[in-house]
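Colleague: I have not looked at this one before. Can you walk me through it?

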Amino acid sequence: MDDKNLTQEQLIEWDRRFLWHPFTPMKSWMEKADPLIIVRGQGEFLFDLQGRRYIDGVSSLWCNVHGHGVKELDEAVRTQLNAIAHSTLLGLGNVPSIVLAKRLIDIAPAGLTRVFYSDDGSTAVEVACKMAFQYWRNVGQAQRTRFIAFHDAYHGDTLGAVSLGGIPAFHQVYQPLCFPVDRVAAPRLAAFSGLNAAVQESLGAQETLAPTWIPQMESLLARRPGQYVGIVVEPVIQGAGGMVMHPPGTLQRLRQFADAHDLLLICDEVLTGFGRTGRMFACDHENITPDLMCLSKGLTGGYMPLGATLTTDRIFAAFYADPKLGKTFYHGHTFTGHPLACAVAIASLDLFEQNRLLNQVATLAPVLWQQLNPLRDLRHVMDVRQTGLVAAIDIARDRRTGERFPAHWRVGGALCTAMRRRGVLLRPLADTLVIMPPLTIGLESLAQLTDAVVESVQMVEDIALHCEETNP
Ligand SMILES: Cc1ncc(COP(=O)(O)O)c(C=O)c1O
């Protein structure tokens, strides 16, 4: 079958008939008049079947780093393909997985010394979770079975990750299948504050909301002494929970809690890793080393699925024993350490250095902050916050009371649909708009992106009215 000449109508019809899209209410999807089908990408742009160009404003779900169609990354895949596409890591080695492990340890927070590969963000978290749990069994503390995590946390969709997750709309239904997790409130910056260094300087001291999570953490630890495996956190930014940004100092405080109670600190850097927050890893903002660190998304520059869980000598040593002692970590996937994915990840790390990408983020972040300024005066904007090249804008029906638009109106979605006409693709988290472009976005595109956001938010009343009429 020659599928090169398929028409747009045919593809849309097959999509509607044969596909089930992730995280998508399929009834709404079927009713969409004009679903977008992407055929090509170049730099920060995506192109649809009709050749229309869009700025990829959320980095293809928070993972694209260097843009699309990057010569060096394409070449790395081709070169590896000429050698071999895949061979297993169970009982064998492969060259790119070895080289990448060394490169990751070179740049990871000091003290992380081992890399365990998996397939994506969820499985990187699953590995951390099982490794942490088994660690305590291996060292003779089997009574440690519970985890502490944050409200509004998101760690992926496999069941361990769902157990750790704290977003009712996504996780509630699966509770009977999950292990118990104790939760504390998400630490939050006060409204209208930003975190990146340049912004901090211009604002003076950071305002932060009262850290209610600290007394909650203290009371949990007092109630169940010696029973916790560890604390799991999305460091600096809790992504899917609404781009909740933590006040500076939170990570250090977490590290102190973990040390004081001999808990493992598990940092899920699936979203924050690889430059997104302005540092290579979010942990670098506060110079802490977690006991386990989960990576994916930007690990391959957003080109291919790959997960990695990094850990310390202390954890590794607890599994390093004669097989008959039953301490082995019996976990792994068919495609663990996939050579193509590892090869492109190595090339991505090379580009970080060659293009001085972290400097680029330091230059762009204040520009983005400035460009989002006009939003702060708009009646329906409750908060604008930013860390590195991640910005979030909360839309409210009444910003003084914090009243949101009815969820089923899907105002955030309608705003993003309106932006498509301006050549910008965003995906909201309910009524929070998220801006997270590739780190290499050009100044002109950044301005087009933020203009589209400002213009659409200015029309939010008309858009909400339309939403009310179509989804009463
Ligand atoms: C912090 C965090 N952890 C884990 C995941 C899950 O990653 P994946 O979708 O690759 O399984 C995500 C995905 O958005 C995430 O943001």
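Predicted model: local features only at pLDDT ≥ 70, side-chain atom pairs only at ≥ 80, totals over all residues.

Colleague: Fine. Into which domains is the protein divided?

Modeller: There is domain 1 (36-66 + 357-470) and domain 2 (74-354). Their C-alpha centres lie 27 Å apart.

Colleague: And how many residues of each are in contact?

Modeller: From domain 1, 29 residues are in contact with 31 residues of domain 2. On the domain 1 side, the elements giving two or more residues are helix 3 (59-62), helix 14 (357-371), strand 13 (381-387), strand 14 (390-395) and strand 16 (432-435). Helix 14 has the largest share of that side, with 7 residues.

Colleague: What classes of residue are on that side of domain 1?

Modeller: The side of domain 1 that touches domain 2 has 18 nonpolar, 8 polar and 3 charged residues.

Colleague: Now the core. Which residues in the largest nonpolar core touch the most other members?

Modeller: Ala128, Ala132, Ala308 and Val411 do, out of 130 residues in that core. Helix 6 gives the most to this core, 10 residues.

Colleague: Where does the core lie relative to the domains?

Modeller: Between them, because domain 1 and domain 2 both give residues to this core.

Colleague: Back to Ala128. What does Ala128 touch, not counting residues up to four places away in sequence?

Modeller: Ile266, Leu292, Cys294 and Thr309.

Colleague: Next, helix 11. Which of its residues are buried?

Modeller: In helix 11 (residues 250-260), Thr250, Leu251, Leu254, Arg255 and Ala258 are buried. Looking down the axis of helix 11, the buried residues fall within an arc of 135 degrees, so they line one face of the helix.

Colleague: What is on the other side of helix 11?

Modeller: Gln256, Asp259 and Ala260, which are exposed there. The buried residues of helix 11, for their part, pack against strand 7 (228-233) and strand 10 (264-268). Just after the helix, Asp262 takes a positive phi of about 55 degrees.

Colleague: And helix 10? Which residues are buried there?

Modeller: Trp213, Met217 and Leu220 are buried in helix 10 (residues 213-223). Seen down the axis of helix 10, the buried residues fall within an arc of 65 degrees, so they line one face. The face turned away from that buried side carries Pro215, Ser219, Ala222 and Arg223, which are exposed.

Colleague: What do the buried residues of helix 10 pack against?

Modeller: Strand 5, strand 6 (181-184) and helix 11.

Colleague: Switching to Tyr154. Where does it lie?

Modeller: In the loop between strand 5 (146-150) and helix 7 (159-164).

Colleague: Is Tyr154 buried or exposed?

Modeller: Tyr154 is buried, because 26 other C-beta atoms lie within 10 Å, and the cut-off for buried is 20 or more. Leaving aside neighbours within four places in sequence, Tyr154 is in contact with Gly165, Ile167, Gly239, Ala240 and Gly241.

Colleague: Last topic, the ligand. Which residues around the ligand come nearest?

Modeller: Asp120, Gly121, Ser122, Gly156 and Val270, out of 14 residues around the ligand. Helix 6 (residues 121-138) has the largest share of the shell around the ligand, 3 residues.

Colleague: How do the residues of that shell divide by class?

Modeller: The shell around the ligand has 5 nonpolar, 6 polar and 3 charged residues.

Conventions. Residues numbered from 1 in each chain as written. Near = placed C-beta within 6 Å. Helix = DSSP H or I, 4+ residues; strand = E, 2+ residues; numbered from the N terminus. Nonpolar A, V, L, I, M, F, W, Y, C, P; charged D, E, K, R; others polar. Domains from an automatic or database assignment. Contact = placed C-beta atoms within 7 Å. Core = buried A, V, L, I, M, F, W, Y, C linked by C-beta atoms within 7 Å. Buried ≥ 20, exposed ≤ 12 C-beta atoms within 10 Å, placed from the backbone. Arc of directions from axis to C-beta.
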